[in-house]
Amino acid sequence: MTTNAEWNEIKPLPKVTCTSSDCERDLHTFLRVRPGPESYRSGPCRVCGSNLVDWKRLDRHDLRDVENTMHSLRQEYVRHHYWDIGIDQKAINHARRKGVSGLREAADHRLRKYVAPPRSVNSWDGRQTPKTGNVIFYAQHATATCCRRCLEAWHGIPRERSLTDEELGYMREMVMYYIDQRLPFLTE
């Protein structure tokens, strides 16, 4: 159990946004600059111009190629941040209570409710995924399954159509891959 003294020692997360970059450390931002009605589909780093990601390969949504997908995601500063920061104790406790199967169910529910609808239906798009308190939130930010803009940018899925069951299954398994990597001690 965490004591009040321990809670006071937890440092706030550094300010990291979808457009943060540190190209000298090979941490980029691939999100396009305000595309308006055009796609947010990512391309080269918007700061240094490095073209490090094979977008066509990512568009296959192939879970057998998850290592490449995660490697590509980790080249973006914000995604890398969520792979490397410590997971807060509240999120760890919640994950232990739920177990792997409970988290899979919760991830599926969360993606269906908050991410699957088209962007025009969700006025909270871009703000629907908190940053802490649940390992699923960390996973969504790390895997770019947190909002429709990130889904379009990283996974090539247009903002203005509902997700298919196949796409939702792919996103759920990406979230679960992150959870398995970060919290390998979880049981069913």
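The entries follow in the order in which I looked things up.

**Ground rules.** I am working from a predicted model, where local features need pLDDT of at least 70, side-chain atom pairs count only at pLDDT 80 or more, and totals for chains, interfaces and linings use all residues. Residues are numbered from 1 along each chain as its sequence is written, and side-chain values use heavy atoms, with hydrogens and water left out.

**Core.** I began with the largest nonpolar core, which has 51 residues. A nonpolar core is a set of buried Ala, Val, Leu, Ile, Met, Phe, Trp, Tyr and Cys residues joined through side-chain atoms within 4.5 Å. Buried is under 20% relative accessible area, exposed is over 50%, and partly exposed is in between (1.4 Å probe, protein chains only). The members that touch the most others are Ile-87, Leu-103, Val-135, Trp-154, Tyr-178 and Ile-179. Two or more core residues come from each of α2 (55–58), α3 (66–73), α4 (77–84), α5 (89–115), α6 (135–143), α7 (148–155) and α8 (165–182). Helices (H or I, at least four residues) and strands (E, at least two) are DSSP runs, numbered from the N terminus.

I then listed what Leu-103 is in contact with (heavy atoms within 4.5 Å). Leaving aside neighbours within four places in sequence, I found His-94, Ala-95, Lys-98, Val-135, Ile-136, Met-176, Ile-179 and Leu-186 around Leu-103.

**Salt bridges.** A search of the whole structure gave me 14 salt bridges. The criterion is a side-chain nitrogen of Lys or Arg within 4 Å of a carboxyl oxygen of Asp or Glu.

I noted Glu-173 with Arg-104, at 3.3 Å from N to O. Glu-173 lies in helix α8 and Arg-104 in helix α5, so this pair ties together parts 69 residues apart in sequence. Both ends are partly exposed: Glu-173 has 22% relative accessibility, and Arg-104 has 30%.

Asp-165 forms a salt bridge with Arg-112, with the closest N and O atoms 3.1 Å apart. This pair also links α8, which holds Asp-165, to α5, which holds Arg-112, across 53 residues. Asp-165 counts as exposed because its relative accessibility is 58%, while Arg-112, at 37%, is partly exposed.

Is the pair of Glu-152 and Arg-159 buried or exposed? Glu-152 is buried, at 6% relative accessibility, and Arg-159 is buried too, at 11%. Their side chains meet in a salt bridge of 2.9 Å, N to O. I also traced a network in which salt bridges that share partners join Arg-104, Asp-108, Arg-112, Asp-165, Arg-172 and Glu-173.

**Helix α4.** Six of the eight residues of α4 are buried, so I logged this helix as mostly covered. The six are Val-78, Arg-79, His-80, His-81, Tyr-82 and Trp-83. They pack against α3, α6, α7 and α8.

**Helix α7.** Here seven of eight residues are buried: Arg-148, Cys-150, Leu-151, Glu-152, Ala-153, Trp-154 and His-155. Their packing partners are α2, α3, α4, α5, α6 and α8. Arg-149 also lies in α7, but counts as partly exposed at 25% relative accessibility. I checked Arg-149 against Arg-41: they are 108 residues apart in sequence and 8.5 Å apart in space, C-alpha to C-alpha. Just after α7, I noted that Gly-156 takes a positive phi of about 70°.
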